[in-house]
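Hello,

Here is the structure I promised to pass on to you. Please open it first, and then read my notes below with the model at your side.

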Amino acid sequence: LAVLPFLSLNSGEDGDVLGLAMADALITRFSELQPLVVRPTSAVQELRDAPRDAVAIGRRLGVDAVMDGSLQRSGDRLRVSVHLLRVEDGRPLWARSFETVYTDPFAVQDAISDQVADALSLELAGRRSHRRGNRGTADVEAYQEYVRGRFFWNRRTEADLRKAMDHFQAALARDPAFAAAQAGIADCWVLLPLYSNVPPREAFPRAIAAANAALRLDPDLAEAHTSLAYARFLFDWSWQGAEEEFRRAQRLDPAYPTAPQWYSYLLSATGRHDEAIANARLAQRLDPLSLVINADLGFGLYFARRYDEAIAQFDRTLELDPRFPYAHFGLALADAAAGRHEEAIAEARQAAELSGGSSAMEGALGYALAAAGREEEARQVRRALEQRARDQHVQAGAFALVDAGLGDRGAALDQLEAAYRERSRFVVLMGVWPVFDPLHADPRWDRLLRQVGLPPAVTGGATTAAR
């Protein structure tokens, strides 16, 4: 089942937010009903402004049925119309209208979800969890701020992550016990070092603190366990502890796609490529239109040295959105590894431009130029990064990429050691990153792997590392 954002028949942002909040609440409720498999909010939130062809959207999402609806407010009254369509032939399965006082939209959500559950003839006895309908807050405005936060968080740019954090903080200002909003803040902090110039040592302690605060409020919140697991993996290098947190998150909410998505990176980092790709594919099945999940599947294939498959996956991601810089970044690396040097340079240029000058993506451009034999241009990229580093934080891993492409192994290892000191996410994946394969023969390589806690046997391809 996919639940689309409800269409507001009144103009204005409030109606759009309420429409998305309605869909999010129903998705939460229906996800607790077995054996229903419900697409997450992140899979449908970008469809708010899409043409309202529910059947076509359902086919894109790979579901059997689509729920669509509209909202119309008149004074203090709210009218909600809902219908359920079978994707196979577009046949209506169910339709209903409701009216309620606008001051209590939660009551509308509860009424709709109960009616739809009855219409689907689910045997609910024993199938509703103890967390049935739990939004984590009874404050409507706090909940709407949270929905706004998740909308911006899924867009994955620095500006949007900071907007998301503002909305999560606004939700907490209204309800300090709102655990999901605390988890949202943690999720913003774990991503900012990748999508901005925030140093890891500044971001990750804040992420861990926010995730722990969320768990004190709700020990069974899968989102918070996932945030904590990702931070413990990327920053603490606590491999076993992070893996236990990821698995706990998946047990608590098997439908939450971010848990297998981020867990796949830990599995890749330790050389368990088949498991990594399986988890990335699971995340993709849960959220098939997520740009970042589709791109992360491409990275899992790239780390496993399955370059042709990785290129095809990055291409499919870019079919969803040709302006997604993270997919251009991955495609540049995969093209370079496959010997497609001119294509790699073109993709890396797009990644750097579309990202607004991400240092990691500038580093990939330098690497692609060097790998193609255009060394002077690669050195120009490196000098530009050096100039930028005078005024702001630049990831040491970006320099390592360029140096590796130039064949300067000593300089590349110097930069990876600097990345180790800054607790960069580059170092947890360096053992399986094809870019760094030429460094493996240097004695400093194994020492650096041991410092991070990775087994020296970790490489790409079919290698399986010990846990």
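**Helix α13 and its surroundings**

Let me start with helix α13, which covers residues 291–303: its 13 residues reach 19 Å from the first C-alpha to the last, close to the 18 Å expected at 1.5 Å a residue. (Helices, H or I with at least four residues, and strands, E with at least two, are DSSP runs numbered from the N terminus; the expected span is 1.5 Å times one less than the number of residues.)

Before going on, please note that this is a predicted model, in which local features need pLDDT of at least 70 and side-chain atom pairs count only at pLDDT 80 or more, while totals for chains, interfaces and linings use all residues. Residues are numbered from 1 along each chain as its sequence is written, and side-chain values use heavy atoms, with hydrogens and water left out.

Twelve of the 13 residues of α13 are buried, so the helix is mostly covered (buried means under 20% relative accessible area, exposed over 50%, and partly exposed in between, with a 1.4 Å probe and protein chains only). The elements covering these buried residues include α7 (179–195), α11 (258–269), α12 (273–286) and α14 (307–320). After the helix comes Arg305, whose phi is positive, near 65 degrees.

**Aromatic pairs**

The count comes to 23 aromatic pairs. Rings of Phe, Tyr and Trp (its six-membered ring) pair if their centres lie within 6.5 Å; planes under 30 degrees apart count as stacked, over 60 as edge-to-face and the rest as tilted. Phe299 and Phe329 form a tilted pair, because their ring centres are 5.9 Å apart and their planes are at 45 degrees. This pair links helix α13, which holds Phe299, to helix α15, which holds Phe329, 30 residues apart. Both Phe299 and Phe329 are buried.

How are the rings of Phe303 and Trp433 arranged? Their centres are 6.2 Å apart and their planes at 75 degrees, so this pair is edge-to-face. Phe303 lies in α13 and Trp433 in the loop between α21 and α22 (443–452), so the pair ties together parts 130 residues apart in sequence. Phe303 is buried, at 2% relative accessible area, and Trp433 counts as buried at 6%.

**Charged side chains**

The structure holds 21 salt bridges (a side-chain nitrogen of Lys or Arg within 4 Å of a carboxyl oxygen of Asp or Glu). In one of them, Arg305 pairs with Asp437, the closest N and O atoms being 2.5 Å apart. This pair also links distant parts of the chain: Arg305 is in the loop between α13 and α14, and Asp437 in the loop between α21 and α22, 132 residues apart. Asp437 counts as partly exposed, at 30% relative accessibility.

Arg306 forms a salt bridge with Glu309, with 2.9 Å between the closest N and O atoms. Elsewhere, Glu243, Arg247, Arg272 and Glu275 are linked in a network of salt bridges.

Glu223, found in helix α9 (residues 222–236), is buried yet has no salt bridge; Arg150, the nearest side chain of opposite charge, is 5.6 Å away. (Lys and Arg count as positive and Asp and Glu as negative; His and the chain ends are not counted.)

Best wishes

How values were computed. Contact means heavy atoms within 4.5 Å.
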